[in-house]
Amino acid sequence: MAKIIVSAGLAGVLLLSCTIVPSNAQRTLAERLGYKATDKILIVNGDDIGMCHTGNLAAIDCMEHGLMTCGTIMVPCPWFTEIARYAKAHPKRDFGLHLTHTSEWQVYRWGPVASKNDVKGLLDPEGYFWRDDGDVHKRATPQEAYIEAKAQIQKALAAGIDVTHLDSHMGTMQLDPRFHEMYVKLALEFHLPLRMGSQSTMEKFGAGQVRKQVAGLGIVFPDYLIHEERDGPGPKKELWMNILRSLKPGVTELYIHAGLRTDEMKAIPARGRFGRPSTTCLPRIPTYVSL
């Protein structure tokens, strides 16, 4: 059953974990979860968990003392073992997998879980993942992406993580129809909910009907994903408050990237993503940064 968390800090908005069990397809997802069709239900998911130590600490703090209701783990990353131990020791925490096929930072890199011989197209000349999802789509096959993603799922399960859902780092398995087919295949194979791209994103890539097709297979996913809205103009606090005020009836997923302001967190983006120098500074907020 889904775990329901009601936050007194967000009037009129219910916070819901990502573990969703499908039932009567004739009802809305909110109704299947025991709510009214008019209720506004929000999933607060933490992405990129396992990427670094400070990100793990921040995610754990957000789960234990904040409003993060679930998180997705990057299995190939250097600090996977730390968060895997925490997840195993805290089975009531809701952890899915941030299926990873890219390694975007200039000097902080990672590579595949699967044998490199089986996923050669995913590797850049240095033996790491390509930095950009476009390179993955050009140079790797959907089957290689599937092999790597399955290896990540199996490693997480072997580590004792009760995997509750899947999404895709940088949208690599979501933004190309060929790779998206493998993404859906994994959800069916492991009986897991998915994050789907926002409607505008899916339409941008010529896949506006994909959400309906995936729902027809019985796969569960939130009704809405807050994505493009995150980059709006103006003060960040007001931006986020406007996003919350604008939630639609149904189940909405909002994803964040939590990190403590430590030397480690400052060093990772210091030389930029995709090998390009960084021209931006870390956000000026008290405790957490969002990359």
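Reply: A residue is termed buried under 20% relative accessible area, exposed over 50% and partly exposed in between, with a 1.4 Å probe and protein chains only. The model is a predicted one, in which local features need pLDDT of at least 70 and side-chain atom pairs count only at pLDDT 80 or more, while totals for chains, interfaces and linings use all residues. Residues are numbered from 1 along each chain as its sequence is written, and side-chain values use heavy atoms, leaving out hydrogens and water.

Tyr-146 has a relative accessible area of 8% and is therefore buried. The residue belongs to helix H5, where helices (H or I, at least four residues) are DSSP runs numbered from the N terminus. Beyond its neighbours within four places in sequence, Tyr-146 is in contact (heavy atoms within 4.5 Å) with Met-182, Lys-185, Leu-186 and Glu-189. Lys-185 lies over the face of the Tyr-146 ring, 4.4 Å from the ring centre; the criterion is NZ of Lys or CZ of Arg within 6 Å of the ring centre and within 35 degrees of the ring normal. Arg-139 is likewise placed over the face of Trp-130, at 4.4 Å from the ring centre.

H5 (residues 142-158) packs against H6 (residues 177-190) at an angle of about 30°, and the axes are 9 Å apart. Here the axes are lines fitted to C-alpha atoms over the stretch in contact, with angles from 0 to 180 degrees between N-to-C directions. H5 and H6 are therefore roughly parallel to each other, a class that covers angles under 35 degrees, as against over 145 for roughly antiparallel, 65 to 115 for roughly perpendicular and oblique for the rest.

How values were computed:
Helices (H or I, at least four residues) and strands (E, at least two) are DSSP runs, numbered from the N terminus.
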